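The following exercises are to be worked with the sequence and the model at hand. Each task is followed by a solution in steps.

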Amino acid sequence: MNSLKQRAQALKRWILTQNSTIDTTDARRSGQVATLLMMVFGVAMAFGMTPGVSVQTVPLAPVIEDMTANLGTATPTPGTFIQQDQIRSGDTLAALLFRMGVSDQAALDFIASDPKARVIYQHMAPGKPIRVEHAANGDLVSLRFPYGDKGTLVVSRTLSGFSSSLVGEGDLRRIIQANGTIHSSLFAAADSAGIPDSVTHQLTRLFSTDIDFHNDLRSGDTFSVVYEATQNDFDQLVPGKILAAEFVNKGVTIRRVYYENAEGGDYYTPDGHGSKASFLRSPIEFSRITSGFSAARFHPILKTWRAHKGIDLAAPKGTPIVAVANATVTYAGWRNGYGNMIELHHANGIDTVYGHLSAFAGGLHSGEKIHQGDLIGYVGMTGWATGPHLHYEFKINGVQHDPLGPEVPRFASTNLTGHARTQFLSATAPYLKQLDAVRGSAFASFE
Ligand SMILES: [Zn+2]
């Protein structure tokens, strides 16, 4: 075994147990120790090697002992330091890095200009952890920063400068279960159940063919969810996909379970029927229908009675609009009354129309093939519109139907049969059992 690596691991564990933060004098002192040792032993600075030594509030003497011990081995001592600290209120990135012993303008310039790395500025909330590896002269070697629900942002020194990447950190997989009861809104219930937003969004997508989240939710509706998460190296749980979920809406119980076979992963009913939506129930999440589908209504601008052959979904300007199913774009441009409009052609003679957009998704053009869930544009109020909303039409063989009506096809047929179904049942049984267990329990977590 690589004893250096083991030591680095032990040190990492130790650092993670320390809540105290380092001040500049500690950092400088540690830097001096390293410089001194390098002078004494003539060890060249090497980037990208296994980190072996550190810092934080380690007293001077033990650090020297550690490093001396390392130098006694055949492996050269890496001349870098690893530090973890927390963002404090009022911190600038430069001040924070300086406090951790980093003094590197090139690194700051890179972070400010790199599209991926500069997102760090939007996430500089007090209390958030950050970890850096730096050389004794203050050069940044690498930086790790938790990035929302997405994992860890890593900025690393390369031969020619710096690079940034987003890694789904951690190999410690956990399975988490939670349940909630709706009193005011789904998101409020999910919040009080400790369910991350990314999981709640998955939940709404998962049940979007069965439940109209705009109109169908009732106080007293309940939901349970079993989802996977990985523990990142800041000991934070990064949520992943839902493995099983249940929604009890107006007394009706609906369950879905995730299953992966050779064709890929998908959600099924507990008895093996594919539950993939042929058409999403709505092209935007969480809006309010301000005008339904009708044969005739009083038009607010034309001041006459006219049929409204679509539905109006009120949403703030800029709300993303997604394709409700796989499609070919047949129109993306201005059309009188509709303003900025998109028309999509789907299989089986179905077309959908999206009107009053403020903008189109970048590069969207007629003839383009797109997938269900792809961003196509943004809500606006171009054309004849009195406020920001999406006008949405659903046509079958050229005739408009109510997008929420029974004519809209719901499911693709991906039913499992025979041996495939037997395998499915045994593979998904544990998750469904967890769903049974989580019903009625407040909150639980298990391996
Ligand atoms: Zn309309």
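**Exercise 1: A sheet and its edges**

Solution. Strands are DSSP runs of E with at least two residues, and helices are runs of H or I with at least four, both numbered from the N terminus; two strands pair if DSSP finds at least two bridges between them. The model is a predicted one, in which local features need pLDDT of at least 70 and side-chain atom pairs count only at pLDDT 80 or more, while totals for chains, interfaces and linings use all residues. Residues are numbered from 1 along each chain as its sequence is written, and side-chain values use heavy atoms, with hydrogens and water left out.

Step 1: Within this pair, T152 lies opposite V167 of β5.

Step 2: The open sheet has five strands in the order β1-β2-β3-β4-β5, paired antiparallel. Because β1 (80–86) and β5 (162–167) are at the edges with a single partner strand each, one side of each has no neighbour in the sheet.

**Exercise 2: The zinc site**

Task: Which residues coordinate the zinc ion, and are H308 and D312 buried or exposed?

Solution. Step 1: The ion is coordinated by H308 through NE2, D312 through OD and H391 through ND1, at 1.9 to 2.3 Å. Donors are N, O and S atoms within 2.8 Å of the metal (3.2 Å for Na, K and Ca); water is not among the atoms, so sites may look incomplete.

Step 1: The spacing of the donor residues in sequence is H-x3-D-x78-H.

Step 2: Both H308 and D312 are buried, a term for under 20% relative accessible area, with exposed over 50% and partly exposed in between (1.4 Å probe, protein chains only).

**Exercise 3: Helix α8**

Task: Where does α8 kink, and which of its residues are buried?

Solution. Step 1: In α8 (residues 418–438), a kink of about 45° lies at A429, shortly before P430. The bend at a residue is the angle between axes fitted to the seven residues ending there and the seven starting there.

Step 1: Its buried residues are F424, T428, Y431, L432, L435 and V438.

Technical notes:
The expected span of a helix is 1.5 Å times one less than its number of residues.
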